[in-house]
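Here is a short briefing to read alongside the model.

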Amino acid sequence: MAPVAAAGPAHAAAKPSGSAQFPFQTLLFTTQDNITTICLNRPHRKNAFTGEMYHEVVKALELASQDDSVITVITGSGDYYSSGNDLANLTEPSKGGIKEKARATNDVFRGFVRAFIDFPKPLVAVVNGPAVGVSVTLLGLFDLVYASERATFHTPFTQLGLCPEACSSYTFPKIMGVTKAKEMLLFCKKLTATEACQLGLVTEVFPENSFQTEVWTRLKAYTKLPKNSLMVSKQLIRDGERETLYAVNDRECVQVEERLQSEECLNAVVRFFQAKAKL
């Protein structure tokens with residue numbers, strides 16, 4: 001399960017995994033050239049999300065919203081952008097049983113998605129490799145999505161007895177059309193970077209050998225734009241659908257909480273770990 005660590009963005013690769021303001025354990029948090037970078041930093045687990053990472057990303061977005069940077073970037077450390085939710089989260093014991101665990105998990109996730117809905121600055125995903133689950137569904141809430149040609153996009157929710165989240169039941173049909181969104185969200189179709197770009201989920205695809213150079217050159221050029229003008233312009237666009245996104249997030253979270261307690265989901269997680277044990 002552990003990918004080989006690769007170099008991250010050139011301006012963040014040598015930075016420590018924390019900041020003077022907050023000691024991050026699962027992220028690299030850096031600011032340079034008017035760009036704040038939040039780098040998912042669990043390469044040994046393909047940057048899979050844990051409960052701790054959910055909390056830390058929310059904190060990182062809060063810090064980025066208050067600093068002097070113009071643009072905020074989220075990317076991944078190593079070969080993967082993110083493999084989605086770490087299913088080990090679902091096997092950890094809880095004093096209140098599965099019902100309480102599902103409720104607590106969902107409360108965290110609801111706030112996590114809302115942090116993306118409300119983020120005031122331009123938010124850019126730099127997708128350096130395969131993306132799965134929540135790392136894909138969140139992309140509908142970003143302002144730009146730049147991908148390496150080796151990136152793929154996969155949302156295997158129904159295979160796990162789950163359902164769409166991170167507002168993807170609204171953003172994906174809006175971005176790519178209803179039938180293509182259903183192909184991803186219902187039938188788990190994995191997209192290449194080129195396919196995702198053709199459908200509008202990805203803004204632009206770059207060759208792997210020049211990905212980091214081209215993307216960061218582009219982003220540094222964007223930081224020359226007036227900061228307040230960018231923020232006002234983003235808010236005008238977001239305000240038109242903010243309440244809709246809040247409502248969609250709430251509806252999805254209700255269904256996710258129910259799904260997490262379902263026999264379908266529990267059996268799917270057991271099958272996942274049985275298959276993994278045979279590798």
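Two strands count as paired if DSSP finds at least two bridges between them. Please keep in mind that the model is predicted.

**A three-stranded sheet**

- The strands β5, β7 and β8 form an open sheet in the order β5-β7-β8, and the pairing is mixed.
- At the edges are β5 (131–132) and β8 (191–192), each of which pairs on one side only.
- Strand β7 (residues 152–154) runs antiparallel to β8, and two bridges join them.

- Strand β4 (residues 123–127) is mostly covered, with five of its five residues buried.
- In a regular strand, side chains alternate between the two faces of the sheet.
- Leu-123, Ala-125 and Val-127 point one way from β4, while Val-124 and Val-126 point the other way, and all are buried.
- On one hand, β4 runs parallel to strand β3 (residues 71–76), with four bridges between them; Val-73 has Val-124 as its bridge partner in β4.
- On the other hand, β4 runs parallel to strand β6 (residues 144–148), again through four bridges; the partner of Val-124 in β6 is Leu-144.

**Aromatic rings**

- The structure holds ten aromatic pairs.
- One of them is Tyr-54 with Phe-112: the ring centres are 4.7 Å apart and the planes stand at 75 degrees, so the pair is edge-to-face, a label that applies over 60 degrees.
- Tyr-54 belongs to helix α1 (residues 51–66) and Phe-112 to helix α2 (residues 97–118), so this pair ties together parts that are 58 residues apart in sequence.
- Phe-112 also forms an edge-to-face pair with Phe-116, at 5.2 Å centre to centre and 65 degrees between the planes.
- Both Phe-112 and Phe-116 lie in α2, four residues apart, which is about one turn of the helix.
- An α-helix has 3.6 residues a turn, so residues three or four places apart point the same way.
- How buried are these rings? Phe-112 has a relative accessible area of 0%, Phe-116 counts as buried at 2%, and Tyr-54 is buried as well.
- One aromatic cluster is formed by Phe-49, Tyr-54, Phe-109, Phe-112, Phe-116 and Phe-142.

**Helix α2**

- The 22 residues of α2 reach 32 Å from the first C-alpha to the last, close to the 32 Å expected at 1.5 Å a residue.
- Its buried residues are Lys-101, Ala-102, Asn-106, Phe-109, Phe-112, Val-113, Ala-115, Phe-116 and Ile-117.
- These buried residues pack against α1, β3, β4, α3 (134–137), α8 and α9.
- Arg-114 lies over the face of Tyr-246, at 3.6 Å from the ring centre.

**Helix α9**

- Helix α9 (residues 242–260) has 19 residues, which should span 27 Å at 1.5 Å a residue; the end C-alpha atoms are 27 Å apart, which agrees.
- Buried in α9 are Arg-242, Leu-245, Tyr-246, Val-248, Asn-249, Glu-252, Cys-253, Val-256 and Leu-260.
- These residues cover an arc of only 165 degrees around the axis, so they sit on the same side of α9.
- Glu-243 and Arg-251, on the other side of α9, are exposed.
- The cover over the buried residues of α9 includes α2, α4 (168–176), α8 (227–239) and α10 (263–278).

**Loop residues to look at**

- Gly-240 lies in the loop between α8 and α9 and counts as exposed, because its relative accessibility is 70%.
- Gly-240 and Lys-220 are 20 residues apart in sequence and, C-alpha to C-alpha, 28 Å apart in space.
- Asn-34 sits in the loop between β1 (27–32) and β2 (35–40); its phi is positive, about 65 degrees, although Asn-34 is not a glycine.
- At 39% relative accessibility, Asn-34 counts as partly exposed.
- Ala-166, in the loop between β7 and α4, is another residue other than glycine with a positive phi, near 60 degrees.
- Ala-166 counts as buried, with a relative accessibility of 0%.

Definitions and conventions
Residues numbered from 1 in each chain as written. Predicted model: local features only at pLDDT ≥ 70, side-chain atom pairs only at ≥ 80, totals over all residues. Heavy atoms only, no water. Phe/Tyr/Trp six-rings, centres within 6.5 Å; stacked < 30°, edge-to-face > 60°. Buried < 20%, exposed > 50% of the residue type's maximum accessible area, 1.4 Å probe, protein only. Lys NZ or Arg CZ within 6 Å of the ring centre and 35° of its normal. Expected span 1.5 Å × (residues − 1). Arc of directions from axis to C-beta. Contact = heavy atoms within 4.5 Å.
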